[in-house]
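I opened this model to look up its sheet, its disulfide and its core. My entries follow the order in which I checked them.

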Amino acid sequence: QVRLVESGGGLVQAGGSLRLSCAASGNIFSISAMGWYRQAPGKNRELVAEITTGGTTNYADSVKGRFTISRDNAKNTVYLQMNSLKPEDAAVYYCNASPPLRTFWGQGTQVTVSS
């Protein structure tokens, strides 16, 4: 049973920081590219950051220089460090795992940024 469990969301003021975590079970982490997506009310889900099994990263232009994605393969966990948060970053953030020919999603964790 594949399961992605997210944690670390919450309420912060603009300019603050949060670190999101996503722990993967089901023996798929080591063969999966991992990503963080977000969806704000009235908007489509969008890619925030992704990291390959080899550690190559890619970021949305809107978060470059502020967010950092990383993975700890020994812990089967992917992280998203979010600094200098803006009100427009507020959304439900979803963890994604993409092993070959498959994709899995976490339940989402809410990030709220007050101005």
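I am working with a predicted model, where local features need pLDDT of at least 70, side-chain atom pairs count only at pLDDT 80 or more, and totals for chains, interfaces and linings use all residues. Residues are numbered from 1 along each chain as its sequence is written, and side-chain values use heavy atoms, with hydrogens and water left out.

**Sheet.** I traced an open sheet of four strands, order β1-β3-β8-β7, with antiparallel pairing. Strands here are DSSP runs of E, at least two residues, numbered from the N terminus; two of them pair if DSSP finds at least two bridges between them. β1 (3-7) and β7 are the edges with a single partner strand each, so one side of each has no neighbour in the sheet. I then followed β7 and β8, which pair over six bridges. Phe-67 has Met-82 in β8 as its bridge partner.

**Disulfide.** I searched for cysteine sulfur atoms within 2.5 Å and found one disulfide. It joins Cys-22 to Cys-95, S to S 2.1 Å. The link is left-handed, with -85° about the S-S bond. Cys-22 lies in β3 and Cys-95 in β9, so the pair ties together parts 73 residues apart in sequence. Both cysteines are buried (under 20% relative accessible area, 1.4 Å probe, protein chains only).

**Core.** Of its 28 residues, Trp-36, Val-78, Leu-80, Met-82 and Tyr-93 touch the most other members. Elements giving two or more residues include β3 (18-25), β8 (77-82) and β9 (91-98).

Methods. A nonpolar core is a set of buried Ala, Val, Leu, Ile, Met, Phe, Trp, Tyr and Cys residues joined through side-chain atoms within 4.5 Å. Buried means under 20% relative accessible area, exposed over 50%, partly exposed in between (1.4 Å probe, protein chains only).
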